[in-house]
Every structure is written in structure tokens, then in C-alpha cells.
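Please look through the sequence and the model shown below. The paragraphs after it go through the structure part by part.

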Amino acid sequence: MFKLVKFLVIVCCFVAISGLNLAVSFAQNPNFNQVLYWDNYSFSIKEDGDKLIIKPKNLAIVNRKEVHDIVGYTVNDVQIADLNDDGYPEVLVYLTNDGSGSYGNLTILSKKSPTSKVVR
């Protein structure tokens with residue numbers, strides 16, 4: 001029960017912080033390109049038009065690029081953290097809707113174990 005509460009508190013903190021980041025970086029360049037590092041692992045996150053491309057590196061088995069459709073959204077920020085305290089990173093991708101309401105979306109990609117692929 002304590003781990004669940006801790007996880008929810010961490011997620012709420014990230015969402016609150018990301019809200020500040022989204023407000024500040026609303027007019028950010030749509031060609032987002034950043035690399036995140038966690039121990040031996042790295043994750044290249046790139047926005048290419050209406051596609052979000054995530055390329056992991058140094059995973060034990062599968063290092064293939066993951067492509068996700070993000071039509072109508074712009075990548076504003078990414079972060080990496082161990083949200084569920086299992087020793088493996090989760091990648092958080094913050095998206096803003098391209099419409100007038102500027103609604104946000106949070107996508108979390110989790111690396112479940114040293115031998116698993118990135119999942120959405």
C-alpha cells in the first residue's frame with residue numbers, strides 16, 4: 001500500500017512540474033530531439049512531424065525504434081525516472097494539443113526488466 005501511495009505522489013509531482021514546463025515552453029520548436037540517460041541505458045526521443053520516435057540503446061535484448069502516432073500533439077518535454085521503484089527507468093513524454101485549448105497529454109514508457117522491450 002505504501003509503495004502505491006509513493007508512486008501516486010511521485011506521479012502527481014511530475015504532473016505538477018510538467019504543467020509549469022508546458023506553460024513556459026508552449027511555443028517550443030516542433031522538431032523536438034533529446035536523449036535521456038539512465039545508468040547504461042539511453043533513450044533518444046524525437047518528434048518527426050506527426051510521429052514520436054523513441055530509440056532505446058543498451059537494452060539487453062530488443063533495441064528497436066518505437067514509433068507512435070501523435071497527430072494533433074506537440075512534444076514539449078521528456079523526463080526519465082524510476083517511478084515505481086523497481087530499479088528500471090520510465091520515460092515520461094509531455095505532449096500539448098495543437099488546438100486552441102492547448103490540452104496536455106502524458107505518455108509513460110516503461111522498461112519492465114533488463115531483458116524486456118520498451119512498452120507503451
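In what order do the 4 strands of the open sheet stand, and is their pairing parallel or antiparallel? The order is β1-β2-β3-β4, and the pairing is antiparallel. Strands, like helices, are DSSP runs numbered from the N terminus (E, at least two residues, for strands; H or I, at least four residues, for helices). Two strands pair if DSSP finds at least two bridges between them. Strands of a sheet pair through backbone hydrogen bonds, either parallel or antiparallel.

This is a predicted model, in which local features need pLDDT of at least 70, side-chain atom pairs count only at pLDDT 80 or more, and totals for chains, interfaces and linings use all residues. Residues are numbered from 1 along each chain as its sequence is written, and side-chain values use heavy atoms, with hydrogens and water left out.

Return to the sheet of 4 strands, β1-β2-β3-β4. Its edges are β1 (33–38) and β4 (66–69), each with a single partner strand, so one side of each has no neighbour in the sheet. On average, neighbouring strands of this sheet are turned by 20° against each other, direction ignored; the axes are lines fitted to C-alpha atoms (for helices over the stretch in contact), and angles run from 0 to 180 degrees between N-to-C directions.

Within the sheet, β2 and β3 (residues 51–57) pair in the antiparallel sense over 7 bridges. E47 stands opposite L52 in β3.

K46 lies in β2, which covers residues 41–48. Is K46 buried, partly exposed or exposed? K46 is partly exposed because its relative accessible area is 38%, where buried means under 20%, exposed over 50%, and partly exposed in between (1.4 Å probe, protein chains only). Beyond its neighbours within four places in sequence, K46 is in contact (heavy atoms within 4.5 Å) with F32, N33, K51, L52 and I53.

Side chains of opposite charge can pair when their charged atoms come close. A salt bridge is a side-chain nitrogen of Lys or Arg within 4 Å of a carboxyl oxygen of Asp or Glu, and by this rule there is 1. Its partners are E66 and R64, at 3.4 Å from N to O. E66 counts as buried at 13% relative accessibility, whereas R64 is partly exposed at 44%.
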